[in-house]
Structure formats: C-alpha cells, structure tokens
Amino acid sequence: MKTCLIVIDVQESFRHRPYSTERDIPAYLAAQNALIEGCVARGVPVLRVLHTDGPDTPDNPFALASGHVVPLTGLVTFTPAATFLKHRHSALVGTGLDVWLTENGVRRLIVSGIRTEQCCETTTRNASDLGWAVDYVVDATLTFDMVQPNGQPLSVADIKARTTTVLSDRFATLCTVEQALQRAQAAV
C-alpha cells in the first residue's frame with residue numbers, strides 16, 4: 001500500500017502565539033526529524049502543509065505577510081514531494097491534497113505535526129472518513145497546555161491521551177516513529 005508522510009503546520013507561527021512554550025519542542029523535533037529522515041531514506045514521499053489564516057498583516061503570525069509561515073527552526077531540511085497551504089483545520093479541505101494523494105496512488109498516510117488535537121487529529125479523522133488508512137505518530141506531534149472552559153488546566157499529556165484514545169482503532173493505527181517507518185517500508 002503506497003504510503004506518504006504528511007508534515008502538518010510545523011512552522012514558526014506557533015512560536016509567536018501567547019500559549020507557546022519551548023518545553024516540549026526538543027523531544028518533538030527529535031521524533032519529527034527521525035520520521036522525516038526515515039521516510040526520505042526509504043523513498044516514502046514527504047508532504048509539507050503550512051497553515052495560513054486571518055488577515056494578511058505582519059502582526060498576524062499565521063499570515064504570509066508576517067514571515068512566520070516558514071518551517072520551524074530545528075526541523076530537518078527536506079525537499080517535499082509537494083507543499084500545500086491550508087486555511088482550515090483539516091489538511092484535506094480546500095488544499096488539493098486529496099487530489100494529489102489520489103493521483104499518486106497513496107492509500108496510507110502517516111500523520112505528524114502541530115497541533116496534536118487540532119490539525120493533526122482533524123486531518124486524521126477526515127482522511128479516515130474519506131477512505132485512507134492512517135498511521136498517527138503521536139510522538140511526532142506537538143501541542144501546548146490549554147485551559148478548559150471551566151478554568152481547569154488541561155496538560156499536554158492529557159490532550160495527547162485523549163487524542164490517542166479517540167483515534168485508536170477508529171480513525172488510525174497509533175504508531176511510534178519506528179513502527180510507522182516499518183509499516184511504510186513493508187508497503188514499498
């Protein structure tokens with residue numbers, strides 16, 4: 001089954017948001033970079049998706065005019081098989097990604113990137129509903145602590161636990177970096 005890696009929203013924009021912290025970025029980048037390098041070494045196409053949103057002004061970190069819609073510093077350099085700009089949570093909405101995947105015979109997606117519970121999870125659910133098999137590599141996703149509507153904190157660990165719980169065996173196969181690479185290699 002032809003596989004590709006999707007690297008979702010791994011961009012400098014997040015470093016310019018008030019909730020951003022560097023705490024989890026080193027571990028995330030180690031996993032993300034290992035996944036990218038492993039896919040490149042195995043001939044698995046790697047796709048880049050970047051998020052743009054809101055007014056196109058320099059003070060909006062998700063606007064092209066800000067200069068922050070660029071790969072996150074520390075991300076390994078790679079030549080993407082294709083790059084897509086998205087304006088919604090799912091990388092499959094309005095980007096042409098679905099067309100590219102179909103035209104290239106891709107049937108399994110490896111999902112990685114930023115944020116675990118938003119764009120990565122939403123893309124996973126959408127892809128599953130559209131018929132793609134999805135390997136979700138939680139260690140190669142990044143998110144940030146949140147505050148619940150009742151004012152209680154919600155930690156990164158809790159967010160990742162919730163995301164993996166709702167995706168597992170319903171929308172995706174949960175994988176470590178190495179498991180995702182083994183599955184991709186077996187498909188080559």
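Me: How do I read burial? Take aspartate 9: is aspartate 9 buried or exposed?
Reply: Look at the relative accessible area. Under 20% counts as buried. Aspartate 9 has a relative accessible area of 0%, so aspartate 9 is buried. Keep in mind that this is a predicted model.

Me: Where is aspartate 9 found?
Reply: Aspartate 9 sits in the loop between S1 and H1. Its backbone deserves a look too. Aspartate 9 is not a glycine, yet its phi is positive, at about 55 degrees.

Me: Now the whole fold. How many helices and strands does the protein chain have?
Reply: The protein chain has 5 helices and 8 strands. Read them from the N terminus on, and the order is β-α-β-β-α-β-α-β-β-β-α-β-α.

Me: What box do the C-alpha atoms fill?
Reply: The box is roughly 45 × 35 × 30 Å, taken along the principal axes. Inside the protein chain, 49% of the 188 residues count as buried.

Me: How do I read contacts? What share comes from residues 24 or more positions apart?
Reply: Ask how far apart the partners are in sequence. Take the contacts with a separation of 6 or more: residues 24 or more positions apart account for 77% of them.

Me: Show me one residue. What does threonine 3 touch?
Reply: Threonine 3 has its place in strand S1. Leave out residues up to four places away in sequence. Threonine 3 then touches Val44, Pro45, Val106, Arg108, Ile110, Ala184 and Ala187. Its relative accessible area is 5%, so threonine 3 is buried.

Me: And a residue in a loop? Where does valine 70 lie?
Reply: Valine 70 lies in the loop between strand S2 (46–51) and strand S3 (82–86). Beyond residues up to four places away, valine 70 touches Val10, Gln11 and Glu12. Its relative accessible area is 34%, so valine 70 is partly exposed. Now try a distance. Valine 70 and histidine 51 are 19 residues apart in sequence, and their C-alpha atoms are 9.6 Å apart in space.

Me: Next, charges. How many positive and negative side chains are there?
Reply: Count 16 positive and 19 negative side chains in the protein chain. The centres of the two sets lie 4 Å apart.

Me: How many salt bridges does the structure hold?
Reply: The structure holds 10 salt bridges. To read one, find the closest N and O atoms. Arginine 23 pairs with aspartate 24, and those atoms are 3.0 Å apart. Arginine 23 is partly exposed, at 49% relative accessibility. Arginine 23 also meets aspartate 145 in a salt bridge, at 3.1 Å from N to O.

Me: Why does the pair of aspartate 145 and arginine 23 tie together parts that are apart in sequence?
Reply: Check where each one lies. Aspartate 145 is in the loop between strand S5 (133–142) and strand S6 (146–147), and arginine 23 is in the loop between strand S1 (3–8) and helix H1 (25–41), so the pair ties together parts that are 122 residues apart in sequence.

Me: Which salt bridge does aspartate 135 form?
Reply: Aspartate 135 meets arginine 108, at 3.7 Å from N to O. Aspartate 135 lies in strand S5 and arginine 108 in strand S4 (residues 108–114), so this pair ties together parts that are 27 residues apart in sequence. Both aspartate 135 and arginine 108 are buried.

Me: Which residues are linked in a network of salt bridges?
Reply: Glu12, Arg15 and Glu22 are linked in that way.

Definitions and conventions. Residues numbered from 1 in each chain as written. Predicted model: local features only at pLDDT ≥ 70, side-chain atom pairs only at ≥ 80, totals over all residues. Heavy atoms only, no water. Helix = DSSP H or I, 4+ residues; strand = E, 2+ residues; numbered from the N terminus. Buried < 20%, exposed > 50% of the residue type's maximum accessible area, 1.4 Å probe, protein only. Contact = heavy atoms within 4.5 Å. Lys, Arg positive; Asp, Glu negative; His and termini not counted. Charge placed at Lys NZ, Arg CZ, Asp CG, Glu CD. Salt bridge = Lys/Arg side-chain N within 4 Å of Asp/Glu carboxyl O.
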